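This briefing is meant to be read alongside the sequence and the coordinates. Please keep both in view while going through the points.

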Amino acid sequence: MAAFEFVWINGSLHLSAVASIGIEDAALNRGYGVFDFLKTKNGIPLFVEKHIDRLFFSATSMHLQMGYSKQQ
């Protein structure tokens, strides 16, 4: 059983049991990526604004473009 039911990869949500990335992906080959977690309670996301702020800060620190605005 996976630790997380869903994962977000390159702009789309996947079941973690079948999620994958290609062998040419920069995250795999060079370690480029931001890894963050969002706490939920009874399936409801908690502290979403703080999570998004943290995610954008991490991406900016690594000079990675998000592809989405905070509002999106």
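Predicted model: local features only at pLDDT ≥ 70, side-chain atom pairs only at ≥ 80, totals over all residues.

**Salt bridges**

- Arg-54 forms a salt bridge with Asp-36, in which the closest N and O atoms are 3.2 Å apart.
- This pair links distant parts of the chain, since Arg-54 belongs to helix 2 while Asp-36 lies 18 residues away in the loop between helix 1 (26-30) and strand 3 (40-41).
- Asp-36, with a relative accessible area of 26%, is likewise partly exposed.
- Asp-53 forms a salt bridge with Lys-70, and here the closest N and O atoms are 2.9 Å apart.
- This pair also links distant parts of the chain, with Asp-53 in helix 2 and Lys-70 in the segment after helix 2, 17 residues apart.
- Asp-53 is partly exposed at a relative accessible area of 34%, and Lys-70 is partly exposed at 39%.

**Helix 2**

- Helix 2 comprises the 14 residues 48-61, which at 1.5 Å a residue should span 20 Å, and the end C-alpha atoms are 20 Å apart, in agreement with that expectation.
- Within helix 2, His-51, Phe-56 and Ala-59 are buried, and they lie on the same side of the helix because they cover an arc of only 130 degrees around the axis.
- On the other side of helix 2, the exposed residues are Glu-49, Lys-50, Phe-57 and Thr-60.
- His-63, which follows helix 2, has a positive phi near 60 degrees.

**Hairpin and nonpolar patch**

- Strand 1 (residues 6-9) and strand 2 (residues 12-15) run antiparallel and are joined by 4 bridges, with Phe-6 standing opposite Leu-15 in strand 2.
- The hairpin of these strands has 2 residues between them, and Asn-10 takes a positive phi near 45 degrees there.
- A nonpolar patch on the surface is formed by Phe-6, Trp-8, Leu-13, Leu-15, Val-18 and Tyr-68, which together have about 680 Å² of accessible area.
- Strand 1 and strand 2 are the elements that give two or more residues to the nonpolar patch.
- Trp-8, found in strand 1, has a relative accessible area of 54% and is therefore exposed, the cut-off for that term being over 50%.

How values were computed:
Residues numbered from 1 in each chain as written. Heavy atoms only, no water. Pairing = 2+ DSSP bridges. Patch = residues over 30% accessible without salt bridge, like charges linked within 9 Å, V, L, I, M, F, W, Y side chains within 5 Å. Areas by Shrake-Rupley, 256 points an atom, 1.4 Å probe, with all protein chains shown as cover. Salt bridge = Lys/Arg side-chain N within 4 Å of Asp/Glu carboxyl O. Buried < 20%, exposed > 50% of the residue type's maximum accessible area, 1.4 Å probe, protein only. Expected span 1.5 Å × (residues − 1). Arc of directions from axis to C-beta.
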